[in-house]
Amino acid sequence: MDNTIYIDSVFLDFGTVKVLRGINLEFKQNKVTGLLGRNGCGKSCLLRIITGQLKPQSKHLKYQEKVLINLYKEKGLINYAPQHEFHPKSIQLKALLRLYGIDPEFFFNQYSFLKPIYSAKLSQLSGGERRLIEVLLVLEADSKFTILDEPFMHIMPKYIDLVKERINTISSKKGILVTDHLYENILDVSDQLYLMRDGILKFINNKSDLQLHGYLR
């Protein structure tokens, strides 16, 4: 069985502004797919289209030979961490673990440093701690694919390495699509890499390609 999500022919216009001009992307299970691009190039728009939050002029999604209108309607197929906080600050970590179906014992075996805040509300934590928890919950939750938009934003450097290690480990059982402006981290974790520029995606083989296409000097 082909465990790849095929994203094809994605066109998005805002009035006369052409944001995405025929995007094609293969999102493979058991692989980390990195997505790079400058601010405003349309990366987050593409992720919102994939997750059904934004309606483009055109899109074609296929998984296991089945054409899908919206990936999120397929139970257990995909989950998503947007670049902004997305849980109410009044909720406790222990309630979030229940919500995501994550066994607390397993979770704290991986992240023992978070155990003291098991009963804490998100409002009692720093912005960096909240971001870390949201990213880890989405990563650890049971799904075939995970999308992470700016997962390293606001996270302390010592935890960035932890998130990268977990991305690499968890990719053995699910496909992960990740984008971030901290491009070195994306290079570190990606099995395949795309660059968005001028509304299209270019496949990137190495760091030299990023220079060739003007992303790096």
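Modeller: The largest pocket has a volume of about 310 Å³. A pocket here is an open set of points on a 1 Å grid over the protein atoms alone, where a 1.4 Å probe fits and protein lies on both sides within 12 Å along at least five of seven lines. Its volume is the space filled by probe spheres set on the points, which are joined across faces, edges and corners. The model is predicted: local features need pLDDT of at least 70, side-chain atom pairs count only at pLDDT 80 or more, and totals for chains, interfaces and linings use all residues. Residues are numbered from 1 along each chain as its sequence is written, and side-chain values use heavy atoms, without hydrogens or water.

The lining of the largest pocket holds 15 residues, where lining means having an atom within 4 Å of a point. Gly76, Ile78, Asn79, Tyr80 and Ser143 lie nearest the centre. Strand 6 and helix 2 (93-100) each supply at least two lining residues. Strand 6 gives the most, with three. Helices (H or I, at least four residues) and strands (E, at least two) are DSSP runs, numbered from the N terminus.

Six strands form an open sheet, in the order 6-7-8-3-9-10, with mixed pairing. Two strands pair if DSSP finds at least two bridges between them. Strand 6 (78-81) and strand 10 (200-204) each have a single partner strand, so each is left with one side that has no neighbour in the sheet. From one strand to the next, the twist averages 20°.

Strands 7 and 8 run parallel, joined by five bridges. Ile147 faces Leu177 of strand 8. Strand 3 and strand 8 are also parallel, with four bridges between them, and Gly34 stands opposite Val178 in strand 8. On to strand 9: strand 3 pairs with strand 9 in the parallel sense over five bridges. There, Gly37 has Met196 as its bridge partner.

Strand 3 is largely enclosed by the rest of the structure, because six of its six residues are buried. Buried means under 20% relative accessible area, exposed over 50%, and partly exposed in between (1.4 Å probe, protein chains only). In a regular strand the side chains alternate between the two faces of the sheet. In strand 3, Val32, Gly34 and Leu36 are buried on one side. Thr33, Leu35 and Gly37 are buried on the other.

Gln192 counts as buried because its relative accessibility is 11%. Leaving out residues up to four places away in sequence, Gln192 touches Glu26, Lys28, Val32, Thr33, Gly34 and Phe203. Contact means heavy atoms within 4.5 Å.

Axes are lines fitted to C-alpha atoms, for helices over the stretch in contact, and angles run from 0 to 180 degrees between N-to-C directions. Six of the eight residues of helix 1 are buried: Lys43, Cys45, Leu46, Leu47, Ile49 and Ile50. After helix 1 comes Gly52, with a positive phi near 80°.

Helix 5 (residues 157-170) has 14 residues and spans 20 Å from first C-alpha to last, close to the expected 20 Å. That expectation is 1.5 Å times one less than the number of residues. Among its buried residues are Tyr159, Ile160, Leu162 and Val163. The buried residues of helix 5 pack against several elements, including strand 3 (32-37), helix 4 (127-140) and strand 8 (175-179). Pro157 lies in helix 5 and is exposed, at 65% relative accessibility. Pro157 and Phe145 sit twelve residues apart in sequence and 25 Å apart in space, C-alpha to C-alpha.

Finally, the backbone. Most residues other than glycine have a negative phi. Glu150 has a positive phi near 55°. Glu150 sits in the loop between strand 7 and helix 5, and is buried at 5% relative accessible area. Gln64 also has a positive phi, of about 50°. The loop between strand 4 (58-63) and strand 5 (66-68) holds Gln64, which counts as partly exposed at 30% relative accessibility.
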